[in-house]
Amino acid sequence: LYLQYWWLYAFITSVFAAIYYTINQYANLPGYTLVFWRGFIPLITLTPLLFFLEWPNNHTFYIATITTSLIVTYTDARVLQGVAIFGGGVSLRMKPFSVWLIFLLWFCTHADHRNDLLSDPLKFICILMTLCVGAYAASNLRKCNISNKAFFYFLPIILSSALIDVLNKTAMDHSGLMSGVIIYAWIQALIISVFTAAHHVINKNLLVKDIFNSKTVLTGIFLGLCVVVMNISKNIAMSYTVNPAYVTAIVFIAPFWVSLFYKITKYEEEADVRSGAILVLSSIALVLLNR
């Protein structure tokens, strides 16, 4: 069941990613403060499950998991802050750039995958054309003033996201199914909670009491529960896909859900929505051509 429907778990992730990346557009809270709850809620939710799981015994799993946890602590804080500045739709449409990085990384480091593509010239040409369409959409996206600012703001996140997803897939490949899915999310939640709490103690611009502001707590609980679902569904999808770019691209359907929400609520985006949509579609097409 898991193997056959890995794409369904990626689809579920896209729905909750849309919620996750839109919340702070309305709450407008400091990114690092919200990320504490992004870690703490999954931590307390998943801890009881640890008693029923056998911990992975492969050191690669722990290296990949700890590395992603440290990166995510930074990227999620920056993303949530970016959502407050640029809105959920703009923020999500920046992320498909990382699909190309994941694809190229896999192409360069996996000989079987590379040989398969090169053995089918027509498919390979279609992939290159898809990349060109995406590049054209990206160039149009940057003509919009807000999107141009967003691109440079999210550039470190774009680069980091590719590494995160490759390491996520690596961790899942070196663990059992549910032990990897749950323990990966738990370790990540623990590290994020500790680091963001310490950041509030050390950073003069942040206060520990800000974490427990009523608005922050309510927003953080909702956001944290979204992360629980996102982590579990995405980790299951990563466990059974042959290429992490496939999962990543399906998750990037999330901007569609955000745009649909904006349509219902009659919220007007100032960014280049059409080029952003083409960018997302090109990323999905890239994955479909590599199935």
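Colleague: How many salt bridges does the count come to?
Modeller: The count comes to four salt bridges. A salt bridge here is a side-chain nitrogen of Lys or Arg within 4 Å of a carboxyl oxygen of Asp or Glu. Keep in mind that this is a predicted model: local features need pLDDT of at least 70, side-chain atom pairs count only at pLDDT 80 or more, and totals for chains, interfaces and linings use all residues. Residues are numbered from 1 along each chain as its sequence is written, and side-chain values use heavy atoms, with hydrogens and water left out.

Colleague: Which residue does Arg38 form a salt bridge with?
Modeller: Asp76. Their closest N and O atoms are 2.7 Å apart. Arg38 lies in helix 2 (residues 31-46) and Asp76 in helix 3 (residues 59-86), so the pair ties together parts 38 residues apart in sequence. Helices are DSSP runs of H or I, at least four residues, numbered from the N terminus.

Colleague: And is Arg38 buried or exposed?
Modeller: Arg38 is buried, and so is Asp76. Buried means under 20% relative accessible area, exposed means over 50%, and partly exposed is in between, using a 1.4 Å probe and protein chains only.

Colleague: What about Asp173 and Lys169, how far apart in helix 8 are they?
Modeller: They are four residues apart in helix 8 (residues 145-173), which means about one helical turn separates them. Lys169 is buried at 5% relative accessible area. Asp173 is partly exposed at 43%.

Colleague: Which residues make the nonpolar surface patch?
Modeller: Tyr5, Trp7, Leu8, Phe11, Ile12 and Val229, covering about 450 Å². Helix 1 (residues 6-27) gives the largest share, four residues. Leu8 lies in helix 1 and is partly exposed at 35%. Patch residues have over 30% relative accessible area and no salt bridge, with nonpolar side chains joined within 5 Å and like charges within 9 Å. Accessible areas come from the Shrake-Rupley method with a 1.4 Å probe.

Colleague: Last one. Where is confidence lowest?
Modeller: In helix 4 (residues 88-94), at a mean pLDDT of 72. pLDDT is the predictor's confidence in each residue, from 0 to 100. Helix 11 (residues 214-240) is highest, at 93.

Technical notes. Helices (H or I, at least four residues) and strands (E, at least two) are DSSP runs, numbered from the N terminus.
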